[in-house]
Amino acid sequence: MDQLANTPEDDGHSAETLGELSKIIRDRNAVDAYAHDKEWRGPFCFVQGADPQFGMIDQWDRKKTNPDEIQWEEDMQLMRKAVQDINRVSPIPGFFVVCGDLVHEFDVNPLKMAQERDLLRILSDIDPIVPIVLIPGNHDILNTPTSGSVKHFEEVFGPEYYSFDARGLRCICINSQYLKDFPEESTDLFRELREKFLAWFDGEIDKAAADLKSGAIEHAVVFQHIAWFMNSPDEPTDYFNVDFEIRQKYLKKLIDAGIKACFCGHLHRNGGGIAGPNGELDVVITSAIGLTLELNSDGQLVRGKNPSGLRLVKVDKSKIEHAFYPLGEMPDKVDLRH
Ligand SMILES: [Fe+2]
Ligand SMILES: [Fe+2]
């Protein structure tokens, strides 16, 4: 953790180091929070967000490349609004999950670590009773993860993939970069990491299937950065979806296992759809907490006019319902009855 402890403190931000903030947030992880609260005890809600991506407005939209000029105050303002929304919801959300692209800078360097520190500091303003679940996105762990990128993510935010049960809901948290293939970047190590991940994921799907069947859990969902598909299960491979072949294989596995929903980000606008012969699986893409995107008339990605926001998910014994709310519009009171 030396690298984290040595984060410079004289850059005008808080005196708290990345290492200290990382510990505060990692202590609020859902695995520990639900260690003795794994079984169903009635309906509850949680909040999902994606892509706060501190730095994107300057680095992507304004195309700034000089680290001395890159700021992320606007991105932080959006995240602060998100935190206000989460803290206002009643009943208190069961957890808050961020489905990747926590910050924009790819490389592990002082710029990335300053962005991460600011994100963690704003997250620390969430009511401490709400566990925080952070999923890796391509900006956090690279398009093709390396031992260095995985090590940095795990030191700052926690494990790159794991699962936990919260009040009868099995939550499988994955690193979706292992579902993509960037052949030009692929290395033996990446293939090894991917094999290890896929073996774990297969085991988790089988375990969820068995536990759903036995009634040990009520529902199972997946949290991931890149969605299986943007609009339709049969669409071709794209930067914004999981590669076609691996997608078909896993959609079938997830549907057969009885997994109800996959909550995703990466697209910076809402999307997704239903998969399965009877619409068994809901693939849900939540727009960004930070900068949103849209396609212009030439089909190019540009800054979106669609609002940044959060998704509120209601978990009932018989179903899982969700709705997207622009920042500032999350309801104060959630009716958990259907
Ligand atoms: Fe993103
Ligand atoms: Fe992304």
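**Note on the predicted model: strand 9 and its surroundings**

1. Strands (E, at least two residues) and helices (H or I, at least four) are DSSP runs numbered from the N terminus. Within this pair, Gly-273 has Val-283 of strand 9 as its bridge partner. The hairpin of strand 8 and strand 9 has 5 residues between the strands, and Gly-276 there takes a positive phi near 105°.

2. This is a predicted model, in which local features need pLDDT of at least 70, side-chain atom pairs count only at pLDDT 80 or more, and totals for chains, interfaces and linings use all residues. Residues are numbered from 1 along each chain as its sequence is written, while chains are lettered from A and ligands numbered from 1 in the order in which they are written.

3. Strand 9 also pairs with strand 7 (residues 261–264), in the parallel sense and over 4 bridges. In that pairing Ala-261 stands opposite Asp-282.

4. Of the 5 residues of strand 9 (residues 281–285), 5 are buried, so the strand is largely enclosed by the rest of the structure. A residue is buried if 20 or more other C-beta atoms, placed from the backbone, lie within 10 Å of its own. Leu-281, Val-283 and Ile-285 point one way, Asp-282 and Val-284 the other, and all are buried. In a regular strand the side chains alternate between the two faces of the sheet.

5. An open sheet of 5 strands, with mixed pairing, has the order 3-2-1-12-13. Its edges are strand 3 (132–134) and strand 13 (320–326), each pairing on one side only. Strand 1 (residues 44–49) and strand 12 (residues 309–315) run antiparallel and are joined by 5 bridges; Phe-46 stands opposite Val-313 of strand 12.

6. In helix 2 (residues 18–26), the buried residues are Leu-18, Leu-21 and Ser-22. Seen down the helix axis, they fall within an arc of 105° (taken from the directions from the axis to the C-beta atoms), so they line one face of helix 2.

7. The chain has 10 helices and 13 strands. Buried residues make up 44% of its 338 residues, and the C-alpha trace spans about 55 × 45 × 45 Å along its principal axes.

8. Confidence is given by pLDDT, on a scale from 0 to 100 for each residue. The chain averages 94, and 95% of the residues score at least 70. Over residues 6–13, pLDDT stays under 50. Where pLDDT is low, the predicted coordinates should not be read in detail.

Note on methods:
Pairing = 2+ DSSP bridges. pLDDT = per-residue confidence, 0-100. Contact = placed C-beta atoms within 7 Å. Buried ≥ 20, exposed ≤ 12 C-beta atoms within 10 Å, placed from the backbone.
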